[in-house]
Amino acid sequence: MIAAPFVSKVMDIQKDWIDYNGHLNMAYYNVLFDKCSDDAFELLGMGPAYARERKLTVYTAEAHICYVRELHLGDAVRATFHLLDHDEKRLRSYQELHHIDGWLAATSETLTLHIDMSGPKVAPFPPDVFDKVKAMRAAHESLPMPERAGRSIGIKRK
C-alpha cells in the first residue's frame, strides 16, 4: 500500500539552520523537502544503493518553493510528497512542509530527471522502477490537484 501522499518522519529544525533574522534560513526549507524526497525515492527503488549499484540516479532540474510561514528553532515538521505526473524519464512532484501543529510552512514543486550516471545523461527508468513510479502515481491520482501547484513567479499589474 502506497501512502497518498507520502509523509516523512518528523524532522527537527537545527540550531545551525537559523539565520540572522531569527528564523529558518531559506536554504534549509529545501533541505527538509529533499529529506522527504529521498525517502520517497527510496520507496520507489531509487535510493543510495540504486546510484551505487546500478549507476542510475535522479537530479533536480527545477524547483519552485513558496515560503508561507516562518519556522524557528525548536519547531518540528513533517513533509509530504505528492507525485503529480511522470513520463518515462521525469517526475513532477509537489510537497508541503507542515509544522507538527498542522499549519503550512512552505510548499515545493519539483521537476526531477532520471539520470544515467555514465553520461551523465537523462535516461528512461528501468522497468522495475518505472512500475513503482506508475504505482505511486496511481495511488496519488485520487488526491486533488494542489492549489499551489503550477505557480509561476511574476509581479501582477493592475
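Biologist: How many helices and strands does the chain have?

Modeller: This is a predicted model. In it, the chain has three helices and seven strands.

Biologist: In what order do the elements run from the N terminus?

Modeller: The order is β-β-α-α-β-β-β-β-β-α. The radius of gyration is 16 Å, close to the 15 Å that the globule rule gives for 158 residues, so the chain is as compact as a globular protein of that length.

Biologist: What does the C-alpha trace span along its principal axes?

Modeller: The spans are about 45 × 40 × 35 Å. Of the 158 residues, 42% count as buried.

Biologist: Among contacts between residues at least 6 apart in sequence, what share joins residues at least 24 apart?

Modeller: That share is 71%.

Biologist: Let us turn to Q95. Where is Q95 found?

Modeller: Q95 is in strand β5, which covers residues 90-99.

Biologist: Is Q95 buried or exposed?

Modeller: Q95 has a relative accessible area of 1%, and buried means under 20%, so Q95 is buried.

Biologist: What does the side chain of Q95 reach?

Modeller: The Q95 side chain reaches the backbone oxygen of F33 at 3.1 Å. A polar contact, also of 3.1 Å, joins the side chains of Q95 and S37.

Biologist: Which residues does Q95 touch, leaving aside those up to four places away in sequence?

Modeller: Q95 touches F33, C36, S37, T80, F81, A106, T107 and S108.

Biologist: Finally, how far apart are the mean positions of the positive and negative charges?

Modeller: The mean positions of the 20 positive and 22 negative charges are 3 Å apart.

Methods: Residues are numbered from 1 along each chain as its sequence is written. This is a predicted model: local features need pLDDT of at least 70, side-chain atom pairs count only at pLDDT 80 or more; totals for chains, interfaces and linings use all residues. Side-chain values use heavy atoms; hydrogens and water are left out. Helices (H or I, at least four residues) and strands (E, at least two) are DSSP runs, numbered from the N terminus. The radius of gyration is taken over C-alpha atoms; the globule rule is 2.2 Å times the number of residues to the power 0.38. Buried means under 20% relative accessible area, exposed over 50%, partly exposed in between (1.4 Å probe, protein chains only). Contact means heavy atoms within 4.5 Å. Lys and Arg count as positive and Asp and Glu as negative; His and the chain ends are not counted. The place of a charge is taken as NZ of Lys, CZ of Arg, CG of Asp or CD of Glu. A polar contact is a pair of N or O atoms within 3.5 Å; within protein, one must be able to donate a hydrogen and the other to accept it, and residues adjacent in sequence count only if both atoms are side-chain atoms.
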